[in-house]
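Hi,

Here is the structure I promised to pass on.

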Amino acid sequence: MLYQELQPVDTYSLKVASPFSDYDRQLLTLLYQPLTGPEAMALFSTMLADADVRESREFTHYHLMNMLTMPLKTVFQARISLEAIGLLRTFTKTEGDQRSFIYELLPPLDAKAFFQDPLLATFLFSKIGEQPYRDLRARFATEQPETSGYTEISRTFMDVYTPVNSHAYELQNDQELSNRTRSAGIPFEQSLFDFNLLMSGLSEQMVPRAALSGISKELIAKLAFMYALNPMDMQKIIMIALDENLEVPEDRLRKAAKDFYKMNISKTPPKLEKTYNIEASPQEYEGPPTKDRELIAYFESTSPREMLLHLTGKEPMPVDVQLAENLVNGHGLEMSVVNVLLQYILLRNDRKITTGFAQRIASHWALKEIDTAEKAMEIARQEHDQYTKWMSEGGKSSKGTRKPTREEPLPEWFYKKEGKKETTKPTVPVYKDDSDEERKVEEKRKALLAKLESMRNGVN
């Protein structure tokens, strides 16, 4: 849970592994930001600006929340994104009830190392697409000067300099000096791949052990991870990559893995999705589980994309996924709240998600500080008439009257409350010209007439 990982009052200090150049900042913006997202890069930039101050000082995480106008959960998610991508190392220490952190900011990999890393390169490709990926590679390509026909005449050090004193002098080397530390790349656990199984299936006659000596285990593990390959798959790929000299060059291994993936797994490039989630604080309920609680648990544990996929039976449109992301990031709504909102609109509005209608409800819920699925379901029940009015306001004719709208069912949870059971789901009409107050008065009048009629029948 979040409070176990981080609290606003926790202090931190900053450490910069080495100075950052303009080239480093270009790499961060163009190559790393598509992977981490703008929140993580904003966090990194803020830390880097604070670390430029000469005097060492401590900050609380309230400082980051105020500077970035982010809730603590977003700050934490941004931090672990930086850690996973190899831009941040985090150290912590607890003394009594005081917890402190040290954040070490690491420079990015240079362009060559970045594009040679199979995870980073494929991750970037899946995020920005083929043509922008090619453009970025071309942007960082190095043009070699044309030197054919020229003879190098550069002098060496010994050609230019010579010692003037021959007596010995003891140099002072008792102080530790700082050096430029480069990023080691993304932290990756290669031990999860079974290398023993891989090697046991390779014949010494077919693939000499010396052929694999020039390939790092990390590359094999990263390729297997990226393309979802098991040790048996990697055995076949190594056999394919073996050249006429009984060697396995890295570029041939990369190409063989990509071709194997296309032929046997999928035609579309692999994608990486973030799976690390902060556990929600468990809520205490009395009594046996109910349908409402099961549905709330579903809303809290399912992403909006998955919820739309389950509800419609097909992959949601990119515009709907983008809308869900905007409701989370732009309006600050919780994922579970967005799930309730989208399901309500989808089932209420003829299985269509209208952006303006969704954003209007989202703004309303943000002002009401709706932060749980349970609260979202309750306010949807209470404010349904108002939302019906909002939805109808977009379709007025030239004479000022509303266009007829069809009756649509509402989500099941709209009708079912704790302690009530209903066997049927009535459709709720969208009223055209009557106001809410007029409709309520009419309903009361009809109920009173029905009651009087039953009394007359009883007297007779």
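**The sheet**

Tyr12 has Phe59 in β2 as its bridge partner. Strands here are DSSP runs of E with at least two residues, helices are runs of H or I with at least four, and both are numbered from the N terminus. Before going on, some housekeeping: this is a predicted model, so local features need pLDDT of at least 70 and side-chain atom pairs count only at pLDDT 80 or more, while totals for chains, interfaces and linings use all residues. Residues are numbered from 1 along each chain as its sequence is written, and side-chain values use heavy atoms, with hydrogens and water left out.

Back to the strands. β1 (residues 11-16) and β2 run antiparallel and are joined by two bridges; two strands count as paired if DSSP finds at least two bridges between them. With β4, on the other hand, β1 runs parallel, over six bridges, and Thr11 has Ser100 in β4 as its bridge partner. Put together, four strands make an open sheet of mixed pairing, in the order β2-β1-β4-β3. Its edge strands, each pairing on one side only, are β2 (59-60) and β3 (88-95).

β3 pairs with β4 (residues 98-105) in the antiparallel sense, over eight bridges. Arg89 stands opposite Glu104 in β4, and Leu88 has Leu105 in β4 as its bridge partner. The two strands form a hairpin with two residues between them, and Gly96 in the turn has a positive phi of about 65°.

**The helices**

What does α5 pack on? Helix α5 (residues 72-85) packs on the sheet and touches β3 and β4. The direction of α5 makes about 125° with that of β3 (axes are lines fitted to C-alpha atoms, for helices over the stretch in contact, and angles run from 0 to 180 degrees between N-to-C directions).

α5 also meets helix α3 (residues 38-51): their axes come within 8 Å and cross at roughly 85°. α3 and α5 are therefore roughly perpendicular to each other (the class for 65 to 115 degrees; under 35 is roughly parallel, over 145 roughly antiparallel and the rest oblique). On the α3 side, the contact (heavy atoms within 4.5 Å) has Glu39, Ala40, Leu43 and Phe44. Facing them in α5 are Thr74, Val75, Ala78, Arg79, Ser81 and Leu82. By class, the residues of this contact are six nonpolar, two polar and two charged (Ala, Val, Leu, Ile, Met, Phe, Trp, Tyr, Cys and Pro count as nonpolar, Asp, Glu, Lys and Arg as charged, and the others, Gly among them, as polar).

Cheers
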